[in-house]
Amino acid sequence: MTVGPVAFMVLAAVLFCIGLFGALSKKSAVAVLMCIELMTNAVNLNLIAVSRFVTPDSLAGQFTAAFIMVVAAAEIGLGLALVLALYHARRTVELDRLDRLKG
Amino acid sequence: MPDSVAVVPFVVLAIATVGGALMVVLSRNVVHAAYWLLEVMIAVAGLFMLLSAGFLALVQLMVYAGAVSVLVLFTVMLTLRRREDAERPLDLSWAAGGVALAVLVTTGAAIVAYRPVAPRGAAVAPNVASFGRLLFTGWALPFEIASVVLLIALVGAVWWAGGDRP
């Protein structure tokens, strides 16, 4: 028995939505960044699966996924640096307590 | 090249991925969530292997399972003042659940409407040699831009996180 591209699409959609749920509902900045990584992985999985089943010789999806990995690595590095700077400045990483601009 | 993959490793890796992702969202301890994230990254690398993307599986293991997980764990431990701070309330909101469910339903409708298309081009299994050849010919310019992006991100991260600012 084998599975085709649709199974990978369903898996990627479920993974993306779990990550989206966590990114929208978590109150800790580090947890939000972790959930964004889940969403990035879902996108990469979808790209590689579709590339493998539709255009296996040009590898376009694999290259796009590789560059998404580069951008995601930069994003998580900068994001965690921001979290550390935030912790130095405010002694907290709780997103609920960053309400200085609230009217 | 077959146009499908074996079902048993797919199901095992899919359960590992979705279960780990649920544990990332649902575990109360931030350190435990970081370790579950590591497990999800490794399972996704296995799925990449299943899709004959060997090089990307290796990159996934080195970048995500190696670097990003360690970085996340470092940040978690640097921003906790006491051991007890790792335990947090569950932070689940109905609004976020509604948005995620709406996205899932929309994506599901799109997947149901999807009709498989015949593979275009030669039906060869992707391999590392063709990946490398294409990366340094057609994709050379994005590759160089990516290296500049990583350099700028590195400098920016050091500058932001540096402790000895005035």
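This is a predicted model: local features need pLDDT of at least 70, side-chain atom pairs count only at pLDDT 80 or more; totals for chains, interfaces and linings use all residues.
## Surface patches

A patch of positive charge lies on the surface. Its members are A:Arg90, A:Arg91, A:Arg97 and A:Arg100 from chain A, together with B:Arg81 from chain B. One of these, A:Arg91, sits in the segment that follows helix 3 (60–90) of chain A. With a relative accessibility of 41%, A:Arg91 is classed as partly exposed, because that class covers values between 20% and 50%.

A nonpolar patch is also found on the surface, made up of B:Leu151, B:Leu154, B:Val155 and B:Val158. Together these four side chains account for about 400 Å² of accessible area. B:Val155 belongs to helix 6 of chain B, which spans residues 140–161. Its relative accessibility is 52%, so B:Val155 counts as exposed, the cut-off for that class being over 50%.

## The loop between helix 2 and helix 3 in chain A

A:Leu59 is located in the loop that joins helix 2 (29–54) to helix 3 in chain A. Its phi is near 60°, a positive value in a residue that is not glycine. Most residues other than glycine have a negative phi. A:Leu59 has a relative accessibility of 1% and is therefore buried, since buried means under 20%.

A:Asp57 is placed in the loop between helix 2 and helix 3 of chain A. Its relative accessible area is 33%, which makes A:Asp57 partly exposed, whereas A:Leu59 is buried. A:Asp57 and A:Ile18 are 39 residues apart along the chain, and their C-alpha atoms are separated by 32 Å.

## The loop between helix 2 and helix 3 in chain B

In chain B, the loop between helix 2 (30–50) and helix 3 contains B:Ser52. B:Ser52 has a phi near 50°, again a positive value in a residue other than glycine. The relative accessible area of B:Ser52 is 25%, so this residue is partly exposed.

## Contacts between the chains

B:Leu71 lies in helix 3 of chain B, which covers residues 54–78. When neighbours within four places in sequence are set aside, B:Leu71 is in contact with A:Gly77 and A:Leu80. B:Leu71 has a relative accessible area of 36% and is partly exposed. Within chain B, the C-alpha atom of B:Leu71 is 9.9 Å from that of B:Ala34, a residue 37 positions away along the chain.

B:Leu104 is part of helix 4 of chain B, residues 94–113. Apart from neighbours within four places in sequence, B:Leu104 is in contact with A:Ala13, A:Val14 and A:Cys17. At 29% relative accessibility, B:Leu104 counts as partly exposed.

Definitions and conventions: Residues are numbered from 1 along each chain as its sequence is written. Chains are lettered from A and ligands numbered from 1 in the order in which they are written. Side-chain values use heavy atoms; hydrogens and water are left out. Patches are made of residues with over 30% relative accessible area and no salt bridge: like charges are joined within 9 Å, nonpolar side chains (Val, Leu, Ile, Met, Phe, Trp, Tyr) within 5 Å. Accessible areas come from the Shrake-Rupley method with a 1.4 Å probe; for residues, only the protein chains shown count as cover. Lys and Arg count as positive and Asp and Glu as negative; His and the chain ends are not counted. The place of a charge is taken as NZ of Lys, CZ of Arg, CG of Asp or CD of Glu. Helices (H or I, at least four residues) and strands (E, at least two) are DSSP runs, numbered from the N terminus. Buried means under 20% relative accessible area, exposed over 50%, partly exposed in between (1.4 Å probe, protein chains only). Contact means heavy atoms within 4.5 Å.
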